[in-house]
There are 2 protein chains.
Amino acid sequence: MSTEKSKKRKRVYFFGAGQAEGHAKMRDLLGGKGADLAELNRIGIRVPAGFTITTEVCTEYQKLGKKFPPGLKEEAKDHLKRIEKLMGARFGDSENPLLLSVRSGARVSMPGMMDTVLNIGLNDRTIAGLVAKMGDPRAAYDCYRRFVQMYGDVVLSVDGEKLEELLERKKKRRRVRLDKDLPADALKELVAEFKNVVRETTGRPFPEDPHEQLWGAVGAVFESWDGKRAVEYRRLHRIPNDWGTATNVQAMVFGNLGETSATGVAFTRDPATGEKRFYGEYLTNAQGEDVVAGIRTPHPINIAGKGESGLISLEEEMPEVYAELVDNYKKIEKHYREMADIEFTVQQGKLWMLQTRSGKRTSVAAIKIAVDMVAEGLISKEEAVKRVDPDQLDQLLHPMFDPKADRKVVAKGLNASPGAATGRVVFSADEAVAETKKDPKAKVILVRTETSPEDIHGMAVAQGILTSRGGMTSHAAVVARGIGKCCVAGCGDIHVDRKKGLFHAKGATVRRGDWISLDGSTGQVMLGQVPVVDSEVNQVLLGQKKREESSLYMFFEKLMSWADGIRRLGVRTNAETPLDSFRAVRFGAEGIGLARTEHMFFEGDRIDAVREMILARDRDGRKKALAKLLPLQRKDFVEIFRVMEGKPVTVRTLDPPLHEFLPATPKEIRDLATKMGVKPKKLQEIVDSLHELNPMLGHRGCRLGIVFEEITEMQARAIMEAACIVKKEGRKVLPEVMIPLVATKKELELQREIVERVAREVMKEQGVKFPYLVGTMIELPRAALTADEVAGAADFFSFGTNDLTQTAFGLSRDDAGRFLPYYVEHGILPADPFAMIDQAGVGLLMRIAVEKGRSTKPDLKIGICGEHGGEPSSVRFCHRVGLDYVSCSPFRVPIARLAAAHAVLEEKGGPTPPAWVRGGKKAAGKAAQKTPKKKTAKKSARR
Amino acid sequence: MSTEKSKKRKRVYFFGAGQAEGHAKMRDLLGGKGADLAELNRIGIRVPAGFTITTEVCTEYQKLGKKFPPGLKEEAKDHLKRIEKLMGARFGDSENPLLLSVRSGARVSMPGMMDTVLNIGLNDRTIAGLVAKMGDPRAAYDCYRRFVQMYGDVVLSVDGEKLEELLERKKKRRRVRLDKDLPADALKELVAEFKNVVRETTGRPFPEDPHEQLWGAVGAVFESWDGKRAVEYRRLHRIPNDWGTATNVQAMVFGNLGETSATGVAFTRDPATGEKRFYGEYLTNAQGEDVVAGIRTPHPINIAGKGESGLISLEEEMPEVYAELVDNYKKIEKHYREMADIEFTVQQGKLWMLQTRSGKRTSVAAIKIAVDMVAEGLISKEEAVKRVDPDQLDQLLHPMFDPKADRKVVAKGLNASPGAATGRVVFSADEAVAETKKDPKAKVILVRTETSPEDIHGMAVAQGILTSRGGMTSHAAVVARGIGKCCVAGCGDIHVDRKKGLFHAKGATVRRGDWISLDGSTGQVMLGQVPVVDSEVNQVLLGQKKREESSLYMFFEKLMSWADGIRRLGVRTNAETPLDSFRAVRFGAEGIGLARTEHMFFEGDRIDAVREMILARDRDGRKKALAKLLPLQRKDFVEIFRVMEGKPVTVRTLDPPLHEFLPATPKEIRDLATKMGVKPKKLQEIVDSLHELNPMLGHRGCRLGIVFEEITEMQARAIMEAACIVKKEGRKVLPEVMIPLVATKKELELQREIVERVAREVMKEQGVKFPYLVGTMIELPRAALTADEVAGAADFFSFGTNDLTQTAFGLSRDDAGRFLPYYVEHGILPADPFAMIDQAGVGLLMRIAVEKGRSTKPDLKIGICGEHGGEPSSVRFCHRVGLDYVSCSPFRVPIARLAAAHAVLEEKGGPTPPAWVRGGKKAAGKAAQKTPKKKTAKKSARR
């Protein structure tokens with residue numbers, strides 16, 4: 001049936017000389033590349049002529065058992081003639097041979113997953129024509145050698161290693177080091193040797209007929225759609241197998257045919273700053289790969305770009321070509337309404353555009369370009385918001401290394417918390433504090449196997465934190481992100497020997513006091529002091545610079561205000577200090593979604609009272625200890641309530657496994673015993689008896705407040721008394737008490753009773769009234785599954801997706817280091833589920849909880865306060881699921897705001913911009929004339 | 001509207017003298033008690049006359065603001081007259097007063113939750129009549145005293161403590177110890193004093209009008225439906241609030257009106273053995289409570305029961321009454337088709353039946369009666385199966401203490417694994433082994449804080465295990481149940497001091513070598529050797545006794561064969577030794593649902609190879625160690641396959657956190673280092689590096705087999721090679737390889753690939769073919785939630801409800817001891833979720849997994865192999881959810897078979913037998929004439 005039908009359908013679409021049978025919206029049929037090439041022609045851009053064989057043919061080809069449907073070749077023949085005419089050369093002609101490339105092109109980019117063959121049409125006859133055309137036998141034979149090698153490998157399935165070996169042997173015999181040093185006769189010999197291997201392996205001679213070459217290559221491209229890697233890629237990216245790939249057959253052009261030929265790349269605006277200026281580089285008598293290879297120094301494309309280089313520009317050398325190029329780039333930017341990266345070749349004075357894509361850019365540039373284009377009327381505000389990747393804001397908010405500086409990288413860990421830190425190595429929190437006490441300007445990097453809450457004072461004064469263990473949500477990573485510190489975590493490359501005061505990295509030994517630098521955005525660990533550049537936006541946000549003085553900030557502010565106008569999701573912050581709260585508000589937080597009271601327990605001497613409370617054997621002992629904590633906690637809350645000025649503040653009652661607070665060393669136990677007035681041995685016994693095999697699943701969360709009601713009582717009192725104080729000052733307050741680790745409705749009811757009783761008591765004592773809420777974390781599968789019941793006792797839900805991920809997967813984030821990286825690396829998990837919400841599993845629990853919770857309480861307020869609340873894909877998911885707000889660390893608040901706006905725009909849908917506009921990250925494909933990535937990639941390093 | 005409607009409806013139903021307006025099927029309207037009383041009349045049994053006010057009136061009463069609907073009292077009046085006529089006495093008459101009781105009676109039994117008032121109608125005038133009637137002023141005034149006290153407390157809300165205090169003071173003044181020693185005048189004084197308190201407290205005199213008394217009591221009963229305890233009870237048992245309770249008003253009869261009066265209790269068959277004989281006790285001139293109080297020795301009811309007691313029987317003393325009683329019991333048994341417990345009173349020569357209920361019985365009796373009644377044509381086989389509680393089989397299968405022996409109980413823990421064990425105390429597994437090596441007949445009890453897999457050799461030789469920590473699913477409990485050992489776990493009453501070689505219990509110190517006894521069915525720990533009786537059924541099952549020699553066994557066998565004929569759920573066993581497998585098959589297991597390969601790793605020297613494997617730093621090292629394990633595992637499987645003779649055998653690949661296998665002490669590390677040829681320090685470092693904070697959520701389950709493929713490879717090879725060997729012997733084999741701790745489909749796919757590859761290789765090598773399956777545990781929420789995906793790679797699912805409970809609740813069973821008992825005790829959880837499936841949470845995950853799994857594979861085989869597979873309510877749940885089989889420890893196989901049959905019968909529904917037939921456990925209410933439980937319960941202890 002499909003054959004019947006497809007007989008009537010057009011299978012081949014021509015493009016060239018400003019004409020095209022296809023256009024941008026025919027991606028499904030022509031693939032992304034085919035549609036783009038057609039579109040360029042339609043807007044009057046000259047590209048090497050060619051034709052696209054549709055994706056439907058790919059499907060037919062597979063169905064017919066790897067055979068071309070009848071009539072296809074005839075249909076292509078006419079188009080081939082048009083190419084020959086337009087390019088002024090003939091396919092298979094020995095005097096003026098036309099050479100062709102064959103490339104895949106699916107609906108969506110699948111970079112490097114499928115095959116490409118270049119220089120089709122070369123054989124022992126046509127090579128003469130190429131030599132004549134190029135005037136350089138070496139260059140021509142190099143094309144020939146590469147063609148035979150690539151064709152043998154890709155189309156004829158000859159062992160690539162074998163051909164590579166012949167090449168190596170040849171270089172040894174000719175005593176040269178680089179491929180390019182091989183003379184023409186050696187290359188000629190190689191072509192013959194390669195062909196011999198083909199004959200021996202396949203039992204048939206290498207095809208000399210250009211048409212046989214062409215259709216062999218087209219078949220190979222179609223077959224690569226079902227290659228193992230491509231299938232796996234589609235599975236991971238959920239791309240249907242029946243989409244198929246289109247195949248593009250296109251004339252080759254050469255930038256190395258003498259001094260009137262050239263090749264170059266350019267950006268329509270400055271990719272570093274976003275400034276509106278045409279910016280690029282080129283080389284005469286060169287091929288595309290020469291520009292990036294770095295052997296010859298490229299020249300600036302225009303006079304404005306010359307600077308003090310003293311190099312001649314294209315504008316001066318080929319003014320007419322340059323004028324056409326300028327005309328082209330303007331057309332492209334206007335048409336695509338986007339800053340573009342363009343590749344071109346000049347073949348004997350004639351300009352050919354090879355490819356144009358969305359240009360990669362820094363975050364600074366991304367924001368400026370987006371805002372500028374709105375002002376220029378090119379795009380809408382929605383489109384501008386859509387154009388900036390939320391993750392890019394990270395760069396804007398954290399200090400960064402000078403991109404020009406040298407880096408001596410000795411190890412690489414997880415980019416746990418962005419930023420750039422430089423300092424002297426210390427191995428303990430106490431050292432860090434001591435160093436900075438000695439010299440307040442001292443810069444230290446805290447290096448630990450892993451960190452614990454007791455390291456917080458050291459982390460606070462350090463420039464950055466480096467750990468050898470732990471993942472993206474390890475203690476070090478979470479705390480670092482929370483306080484905006486640079487952190488490289490889980491860096492298995494280093495081996496810390498704390499006793500000796502040193503760590504080993506790849507081939508280097510770093511001692512206490514040595515300088516190192518951490519790049520929290522890449523995970524790199526570098527020797528010495530790499531110069532750091534401050535984030536401008538941050539300076540303004542934190543009041544160190546006036547907003548009017550920073551145009552970047554003004555752009556940022558404008559973009560964020562647009563985003564705020566679009567988003568529906570609220571954005572709160574996870575903070576428990578007045579400073580963090582203040583920062584978060586400056587970053588746009590609309591409340592606190594999570595204040596972890598236990599973080600307040602480590603400050604100063606508080607930990608002693610906490611330990612006394614935990615280790616007390618009875619209620620009276622606990623109450624005595626809690627009485628010491630009450631005024632301290634109350635003071636914390638007073639300060640936070642003041643800063644938040646009536647915005648909601650969600651305070652979570654005591655949550656972590658108690659072991660986190662316990663003294664560990666004999667000395668700590670001795671000291672505490674003295675303070676508590678008990679014998680050290682007795683205390684040691686108590687500590688031992690509290691040991692848990694799996695503290696994460698132990699006596700923690702509301703289980704503490706239920707068995708020890710007095711803890712919740714004290715915390716509720718601290719919150720309510722603080723609210724009274726602030727309320728009496730004439731400020732608004734809106735405390736929300738959040739009960740952690742609830743598994744059953746009854747637990748929440750019991751804790752709620754305590755909070756409500758204490759609230760009544762305190763309001764009566766103080767003669768003050770204010771509204772407050774009592775809600776719960778949803779962080780256990782059972783709570784999510786029974787959310788209809790739990791909602792009966794809750795004013796709000798807040799997803800604790802860290803714990804929810806831990807329990808749904810049965811996976812402790814503290815212990816995942818031994819296999820989680822392996823899982824992500826081997827594609828067993830598409831991403832670290834602690835960094836990005838696992839939508840199929842954890843996400844389903846969230847959907848269930850939202851649906852069931854609102855079935856009981858239709859207007860139940862629901863948020864998220866897990867680490868995922870600041871990760872863009874997770875934020876978008878939260879929007880889709882119907883959450884009211886996300887809460888994240890202060891530095892991620894702008895990211896969440898932008899991602900929340902993206903979620904709305906995604907929902908709206910509307911016309912999809914050309915793939916390359918969206919595919920900034922994915923579009924990693926090479927320019928038309930360059931050696932394709934696959935298999936031969938390693939070889940290009942040698943040139 | 002309801003008032004309108006109910007006006008037309010009959011509100012009061014009479015019963016008495018063999019007539020009744022209601023009947024057994026009117027439970028909704030008359031409550032259980034009212035319907036039963038009506039039914040007794042209908043079958044010609046004489047009960048004291050009375051009437052029932054319907055449940056609808058209760059609802060009306062509440063709606064009208066605690067007022068009786070108009071017309072009610074008039075309706076009752078006529079009935080009251082009928083009572084007077086039948087009982088030959090008049091309500092409020094001073095010469096021959098009729099006294100009444102008022103009792104609640106809801107649709108289902110809510111024992112002790114609602115109020116009762118007895119002896120209504122007494123006042124200063126009618127007391128004279130009662131004195132005359134009784135001929136005993138003390139007895140009459142005691143009735144009066146109790147009435148005023150109970151009425152004051154229940155109806156008038158006078159502080160019960162206050163009245164109690166007056167009673168105490170009176171006894172002190174009269175210098176008597178017991179209530180019954182107070183003379184008539186003192187009781188008379190008390191009545192007056194009680195009435196004074198009533199006047200002072202309520203401001204009104206005690207009601208002397210019998211009708212006022214009556215309606216006050218009826219109102220109190222209706223109001224007790226909304227009492228706090230009753231509401232809470234209904235919430236827990238999911239009883240709708242709008243059901244309401246009926247109220248029964250009934251004439252009082254007295255067994256203490258001289259020598260022609262009597263009271264007694266009887267069973268229609270022997271409750272200990274099930275033998276078909278009428279069995280009971282009575283006392284003349286006594287009240288019901290005197291029979292059970294033990295002050296007077298009760299007489300046998302008939303000559304057959306006299307034995308050598310020399311006491312006269314009712315049959316001899318009152319032959320006519322006895323003949324009527326025999327007639328009654330036969331009617332009752334025939335009508336209810338059940339062994340009944342009956343209570344009766346003889347008032348001046350006239351027999352009154354007070355109550356009849358399902359009789360409590362031993363498991364032996366339960367089985368015999370059920371099987372007998374089928375033979376007698378009284379009940380169907382289905383009914384017989386329904387009549388035996390699966391949990392009762394436990395008693396049948398484990399050795400038990402002689403019920404007559406004295407017990408010196410010094411501690412009580414969890415009844416973790418049933419059985420009766422006596423032995424000398426040892427504190428380590430090695431000691432246990434050493435003792436039994438010295439003397440193979442030595443009996444030891446292993447006492448530990450908790451056990452670990454390394455204790456298994458000691459547990460195997462011990463009579464029983466006692467631990468001070470851990471719950472119903474702690475290691476000790478699980479292993480003990482698995483190997484059928486008696487175990488008392490989590491016994492917080494004892495404090496083990498291993499170093500000193502002793503433990504402290506309540507007031508006792510037990511040293512190494514002392515005898516203790518453990519009752520695994522009650523959790524009791526006793527000093528000394530309590531004599532043990534062997535289980536007869538077990539002896540037959542294990543071949544120590546011939547089946548024909550045990551009538552009990554023959555009954556058991558018959559009942560089980562009926563159960564097997566009814567059930568649809570398959571029953572497998574969890575076993576990993578040939579002996580356990582053999583036992584399980586004898587107990588009726590249809591396959592192995594879980595063989596834990598790691599349990600095989602502890603035997604003999606194997607642990608060294610396991611440790612070597614874990615601690616190896618590379619693949620080669622691991623392979624070397626695994627090569628040592630291969631022949632050992634293969635041998636295990638060969639033996640199991642032989643025993644199972646073609647029944648499916650599900651083998652789980654390595655699962656537990658590795659820390660369980662690691663050497664812990666420095667000596668163990670030194671020894672292993674020597675064997676492995678590495679330095680102890682180096683080995684210690686490796687051990688340290690493998691430390692996990694939450695091993696339960698760590699590198700375990702399939703995560704081991706994925707990162708270390710060679711482990712799964714070895715295990716797959718051992719299984720497949722073993723299968724080949726057994727197949728070559730001419731036996732059938734059906735291995736099912738089960739992959740643990742799968743969270744994603746991909747994990748299962750990867751492990752499946754390995755198993756399939758190895759299977760292909762082995763079958764080719766051996767030239768043998770056999771079917772096998774590859775499936776997965778569903779023990780993580782994520783696996784359940786994405787079961788549609790996972791099913792794509794699975795031949796079967798098996799729920800690992802232990803881990804599923806741990807992760808759904810975020811609750812480690814090893815650490816739950818600190819709060820789970822508190823939770824269960826305080827009703828935060830209705831039961832230990834590790835013992836009984838949490839149907840709302842964990843159960844929902846199971847439902848989701850079944851539904852989603854079968855949406856992908858409609859005929860997906862699904863079972864359960866968690867501990868819950870042998871717990872009756874969980875087995876019934878598994879049936880309802882649509883599982884194919886349950887798997888449990890060998891000793892629980894018969895229990896699961898019976899529970900599975902119950903599940904089918906439950907599903908079928910059909911006519912419901914009278915409540916008391918079903919309510920064997922719940923029917924804890926007292927006999928009609930006895931003091932009701934509530935409030936006064938503690939007082940009865942004094943008599």
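1. Chain A holds 38 helices and 34 strands. Both are DSSP runs numbered from the N terminus: helices are H or I of at least four residues, strands are E of at least two. The model is predicted, so local features need pLDDT of at least 70 and side-chain atom pairs count only at pLDDT 80 or more, while totals for chains, interfaces and linings use all residues. Residues are numbered from 1 along each chain as its sequence is written, chains are lettered from A in the order in which they are written, and side-chain values use heavy atoms, leaving out hydrogens and water.

2. Overall dimensions come next. The C-alpha trace of chain A spans about 100 × 60 × 60 Å along its principal axes.

3. Of the 943 residues in chain A, 59% count as buried. Buried means under 20% relative accessible area, with a 1.4 Å probe and protein chains only. Chain A exposes about 37,500 Å², and carbon and sulfur atoms supply 51% of it. Accessible areas come from the Shrake-Rupley method with a 1.4 Å probe.

4. Contact means heavy atoms within 4.5 Å. Take the contacts in chain A between residues at least 6 apart in sequence: 68% join residues at least 24 apart.

5. The largest nonpolar core has 298 residues. Such a core is a set of buried Ala, Val, Leu, Ile, Met, Phe, Trp, Tyr and Cys residues joined through side-chain atoms within 4.5 Å. Those with the most contacts inside it include A:Phe556, A:Leu883, B:Phe556 and B:Leu883. Another core, of 74 residues, lies apart from it, with B:Val102 and B:Leu118 among them.

6. A:Leu883 deserves a look. Not counting residues up to four places away in sequence, A:Leu883 touches residues including A:Leu569, A:Phe799, A:Met846 and A:Ile862.

7. B:Thr744 sits in the loop between strand 30 (735-739) and helix 29 (745-766) of chain B. B:Thr744 is buried, at 6% relative accessible area. Beyond its neighbours within four places in sequence, B:Thr744 is in contact with A:Phe809, A:Ile828, A:Leu829, B:Arg782 and B:Val790.

8. B:Lys746 lies in helix 29 of chain B. With a relative accessible area of 16%, B:Lys746 is buried. Neighbours within four places in sequence aside, B:Lys746 is in contact with A:Glu232, A:Arg235, A:Gly827 and A:Ile828.

How values were computed. Buried < 20%, exposed > 50% of the residue type's maximum accessible area, 1.4 Å probe, protein only.
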